[in-house]
Amino acid sequence: MFNLQSTDGSYILVDDAVRKHPSKGSQYKPGSVTSYAHDWSPLSTGGGIRLKGRDFVDGYGRVCNLRGVNLSGNCKIPVNHSIEEFPDDPKAVTFIGHPFPLSEAHEHFSRLRKWGLTFIRFIVTWEAIEHQGPGIYDQEYLTYLRELLSLLPKYGLIAYVSLHQDVWSRYTGGSGAPAWTVEAAGFDLNALEETGAAWLGGMRGGGHDETEKGLWPTGYHKLAASTMNTLFWGGDTFAPKLKTEDGTSIQQFLQDAFLNAWDALVNAVGNLEGVIGFQMMNEPHRGYIALKSMYSFDYNTELHLSHIPSTIESFQLGAGHPTLVRGWTRSWPMPSRQTKQTILNEGKKRAWKEDGPTKGQCLWEMHGVWGWCKTKNQAVVLRENYFLKHPVSGKKVDWYTDHYYPFLKNWADRVLRATSSSKFLFVEPIPNEYCPPSWTEHRLPNMVYAPHWYDLYSLFNKSFGEFSVNVQGLSRGMFPLKAFYWGHVGARNNYSLQIRNLKEEAYKSLGNVPVIFGECGIPMDMNQGIAFTTEEFLWQRRMMDAMITGFDRSSVGFNLWNYNPDNTDEHGDKWNGENFSWFSQRRAMPNFLLEYEQNTPHLDGGGRILDAIVRPYPAKVAGTPLDFSYEMMNGEFTFSWMVPLQGVRDENELGSYETEIFLPSQLASGRKVLLKQWTEEKYAYRYDETRQTLFIVPKNNSPGTKHAVRVRVWPPIRPVMNLNSFWSDFGVGVVTVGLLLAVLLAAAAMAMGTVWLGYT
């Protein structure tokens, strides 16, 4: 049984045995406990959540389905970020107040609780912690984080803290690392854009119009971000000549600083009850490591949009040489096509500082990777396989096994030593890649695999309609006609397949490790942002429903990207032209008018497409979940689960007979909740709208018993969109054409037969 010790009102788990829930008593009535389905606090979960095989389980042995949000996109940028003055003084920034001020925490945490999105991926950046310089930590910011995250249990929320990065740093076109890391490599912050080493338009408020949308990921392959990632992971291997003033290698300098910043973060929040784990780095990237060609990037796997200098062209540009670079434009049926060539860096500016560690020389020229041919007046590659094979040993390089796994283990050891062995460690691969088989031998303790998934086709075009594409399949050789889907049914099937593939590939490599999707979302400004004018968010609603249906079908949890109070219709999430937040504070009621109970509609203000997001799900299951399906067209869902067999999970390990399903008040308010069993088993149940929870206790809990229920509301909700498919839209036409062709073929066959028989 769980033994709980209380210290100043908090509870910590000191024994992982299964606790007995009151529902195991013969006189128990459903919902008699004070819990609610989406409450993950220790009091509601019998002491907390732990890992068991592929599942998250609570203290009663129930399988927990975690879903929530990324909090928040605005944490990528400082509170005082200026689009007019960027890059201004990097030391003068502050992140205190992002995601929101402490004074607003009650409103936002209450809202997330009401929406059932109580599992948080909390975003922090290295820059936020250590922007003033190496070893100088923003203690006021760390105190702010501690005060904010200490509030989580009051609202039933839990979080894991993710150190976020995109394209290395704000100063290379993304988010994450402090400016001084870029300067330590020798870069001139004020020369990166002109030399094509980074795209910084998004940091200056751009990224919204047709020519700039979706450009920021191209920064991963530009000189600055590619170099920084290469130095961080493999500087000792590929840039051994680059050292700091005290003789420290650049890799050791960057990694030590990164881990020390993690120490400061963990010391600030690691012992908080609501913080269940940590994630080392968002969307890691290999940089140049294992680069196959210096002359081009793989069109099937790398984004080609706007100016895409090859690796050697990037070297040349950064060294101050004007270079003719190919430009790419969105197209059909291929994602993009080459449409122009432009000379970049006509001002002959250098990306490297004269007073930096490379003395103004390109780092990679300094290492003999390339050189300038005065005869041809162009850059020449001298070591084509420099990043593909170890420069000294000649052994083929693998980023995961040679660089990522060793550092990940080092990080994990430090975090668990500084906190406790019970904290979860969330990890992810390079974006859009399957879990590598090599991870089998490099699993961490308390590991949770947390990949990301987006519809890359819709993300690339910022559009969504009847036609959807399985880019995941196409990039891996799928026959094109199999990768095209039509209608809402098609989108659901498309997304379900892609999500299931990522999950199943993870299980192949990792075995019994839980999987949760750390990021997923939809662009709210899709289709030229017309919905902001018409207030008709039909396509956003359809896309969100298709995506969450995919997660439901795969029985996997997720963190939606993202809940951002600073979001506006005009400027989106205020980072690189992105606009993913379905919540905007500008659209919400003033907080002095709000009521904070779970069944009040007041907190829904500011939310969009909530009927697609706030939906039922089985949160705590007394058994093994088998299948869950929700239909937002009528508000009906079906759910089946099984009491564990002896030997699979001992009967006494299941300490509760009560299953708790989150059923939102916005769906059930003013309606009756009706439950019908689909098997011969009998159930006692109760729906409590004030807790937004459907409590179900089966009469028969013998091992191996399968349970299945159908739950609907009456009167049913009105459909808000059409559940169409290829056959519903074109079936009659296809059948008609098919019959006509059959008749014509039959007539032709009869005519030929008549001629052949000589009867004409």
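Tutor: A residue is called buried when its relative accessible area is under 20%, exposed when it is over 50%, and partly exposed in between, with a 1.4 Å probe and only the protein chains as cover. The model is predicted, so local features need a pLDDT of at least 70 and side-chain atom pairs count only at pLDDT 80 or more, whereas totals for chains, interfaces and linings use all residues. Residues are numbered from 1 along each chain as its sequence is written, and side-chain values use heavy atoms, with hydrogens and water left out.

Let us begin with the charged pairs. Side chains of opposite charge can pair when their charged atoms come close. The term salt bridge is used when a side-chain nitrogen of Lys or Arg lies within 4 Å of a carboxyl oxygen of Asp or Glu. The structure contains 32 salt bridges. The places of such pairs are given by helices (H or I runs of at least four residues) and strands (E runs of at least two), taken from DSSP and numbered from the N terminus.

One of the salt bridges joins R414 to D263, with 2.4 Å between the closest N and O atoms. R414 belongs to helix α10 (residues 399-418) and D263 to helix α7 (residues 250-269), so the pair links distant parts of the chain, 151 residues apart. D263 is partly exposed because its relative accessibility is 24%.

A second pair is made by D525 and K462, whose side chains meet at 2.7 Å, N to O. D525 sits in the loop between β19 (516-520) and α14 (531-534), while K462 sits in the loop between α11 (456-461) and β17 (467-469); these parts of the chain are 63 residues apart. Both D525 and K462 are buried, and K462 is so classed because its relative accessibility is 11%. The backbone of K462 also deserves attention: its phi is near 50°, a positive value in a residue other than glycine. Most residues other than glycine have a negative phi, and most peptide bonds are trans. K574 has a positive phi as well, of about 60°, and is found in the loop between β20 (557-560) and α16. K574 counts as partly exposed because its relative accessibility is 39%.

R615 is in the loop between α16 (610-613) and β21, and D552 is in helix α15 (residues 538-554), so the contact ties together parts that are 63 residues apart in sequence. R615 and D552 are both buried. Through shared partners, salt bridges connect R67, R492, D545, D552, R615 and E631 into one network.

Strand β21 (residues 617-621) leads us to the strands. Two strands are said to pair if DSSP finds at least two bridges between them. β21 runs antiparallel to β24, and 3 bridges join them; K620 has E660 of β24 as its bridge partner.

Cysteines can be considered next. With a disulfide taken as two cysteine sulfur atoms within 2.5 Å, the count is 0. C64 is in no disulfide, and the nearest cysteine sulfur, that of C520, is 19 Å away. For C75, the closest cysteine sulfur is also in C520, at 18 Å, which is too far for a bond. C64 is buried because its relative accessible area is 6%, and C75 is buried because its value is 2%.

Two peptide bonds complete the backbone picture. The bond joining F86 and P87 is cis, with omega about -5°, and P87 lies in the loop between β6 (67-71) and α2 (105-114). The bond from W714 to P715 is also cis, with omega near 0°; P715 is in the loop between β28 (706-714) and α18 (726-757).
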